[in-house]
Amino acid sequence: MKRLIITFAILCLVVIVGVGAFVWSGVYNIGADDHHTKPVYALMQALRERSIEHHAKDIVVPNLEDPQLILKGAGQYAAMCTGCHLAPGMAENEMRPGLYPKPPQLSKFRPDPREAFWVIKHGIKMSAMPAWGSSHDDATIWSMVAFLQKLPDMTPAQYKDIVAKAPPDEDMDMDMSGHDHDAAEHAHEQ
Ligand code: HEC
């Protein structure tokens, strides 16, 4: 029994030293253009999917058919999301080909509302997907979820139309007024 414990402890030590040496050596390629092997990618994908399902399962979904909510979401989406997720009528850009994992085109499918809410609010670690909950309240995040339910049915013209009618992203307005305020203060100082 004692021998077994000692053997196990030595084994653990070897693994810890081995992993430490691997990390310290720097031979691992952290570049985004060096893709994971298939088994590693499959494992990470399973981890991501199960994590999102687990964390999103008890979220209570509000009424996503409210036209005002959908309209608000259109403005938010156009202001913050198209650079990575594109929109109807939008061509590939210079950033997306270099992203790994690649952001899905959200006009191609309808994400589950609970899971979309959780992902938008909390983001996804070690990917480009930000946690928008750091700067947006739940109601604003639901507006984006409501909009995403409608996006796959939209033609480029309909998309353009709804974004033109949408209320502007008020956070962008706040930034603008902040700058104006600074400018006014500087003018006063001089
Ligand atoms: C800088 C790039 C970037 C921006 C900006 C961005 N995302 Fe993402 N998003 C990603 C990436 C990358 C993924 C996929 C991550 C993964 O697969 O692990 C993702 C995943 C998602 C998913 C999950 C889709 C699925 O597979 O079910 C949703 C929903 C989403 N984003 C919504 C949004 C919304 C809404 C916005 C704007 C508020 C936004 N994203 C802005 C990069 C971005």
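Student: In this predicted model, what should helix α6 (residues 138–150) span at 1.5 Å a residue, and how far apart are its end C-alpha atoms?
Tutor: Helix α6 has 13 residues. The expected span is 1.5 Å times one less than the number of residues, so α6 should span 18 Å. That agrees with the distance between the end C-alpha atoms, which is 19 Å.

Student: Which helices do the buried residues of α6 pack against?
Tutor: Start with the buried residues of α6, among them Ile141, Trp142, Met144 and Phe147. Ser143 is also on that list. The buried residues pack against α3 (67–80) and α5.

Student: Are α2 and α5 roughly parallel or roughly perpendicular?
Tutor: The axes of α2 (residues 38–56) and α5 (residues 113–122) come within 9 Å. They cross at roughly 105 degrees. Angles of 65 to 115 degrees count as roughly perpendicular. So α2 is to α5 roughly perpendicular.

Student: How do the residues of the contact of α2 with α5 divide by class?
Tutor: From α2 come Ile52, Glu53, His55 and Ala56. They meet Arg114, Glu115, Trp118 and Val119 in α5. The contact divides into four nonpolar, one polar and three charged.

Student: How are α3 and α7 oriented, roughly parallel or roughly perpendicular?
Tutor: The axes of α3 and helix α7 (residues 156–165) are 8 Å apart. The packing angle is about 100 degrees. That falls in the range of 65 to 115 degrees, so α3 is to α7 roughly perpendicular.

Student: Which residues in α7 meet α3?
Tutor: On the α3 side the residues are Leu71, Ala74, Gly75 and Ala78. By class, the contact divides into five nonpolar, one polar and one charged. The α7 residues are Ile162, Val163 and Lys165.

Student: Which elements give two or more residues to the shell around the ligand?
Tutor: There are 21 residues around the ligand, and Cys81, Cys84, Pro103, Ala128 and Met129 come nearest. By class, the shell has 17 nonpolar, three polar and one charged residues. The elements giving two or more are α3, α4 (82–85) and α5.

Student: Is glycine 98 buried or exposed?
Tutor: Glycine 98 lies in the loop between α4 and α5. Within 10 Å there are 10 other C-beta atoms. A count of 12 or fewer is the cut-off, so glycine 98 is exposed.

Student: How far apart in space are glycine 98 and aspartate 33?
Tutor: In sequence, glycine 98 and aspartate 33 are 65 residues apart. In space, C-alpha to C-alpha, the distance is 7.0 Å.

Note on methods
Residues numbered from 1 in each chain as written. Predicted model: local features only at pLDDT ≥ 70, side-chain atom pairs only at ≥ 80, totals over all residues. Axes fitted to C-alpha atoms, helices over the stretch in contact; angles between N-to-C directions. Helix = DSSP H or I, 4+ residues; strand = E, 2+ residues; numbered from the N terminus. Parallel < 35°, antiparallel > 145°, perpendicular 65-115°, else oblique. Contact = placed C-beta atoms within 7 Å. Nonpolar A, V, L, I, M, F, W, Y, C, P; charged D, E, K, R; others polar. Buried ≥ 20, exposed ≤ 12 C-beta atoms within 10 Å, placed from the backbone. Near = placed C-beta within 6 Å.
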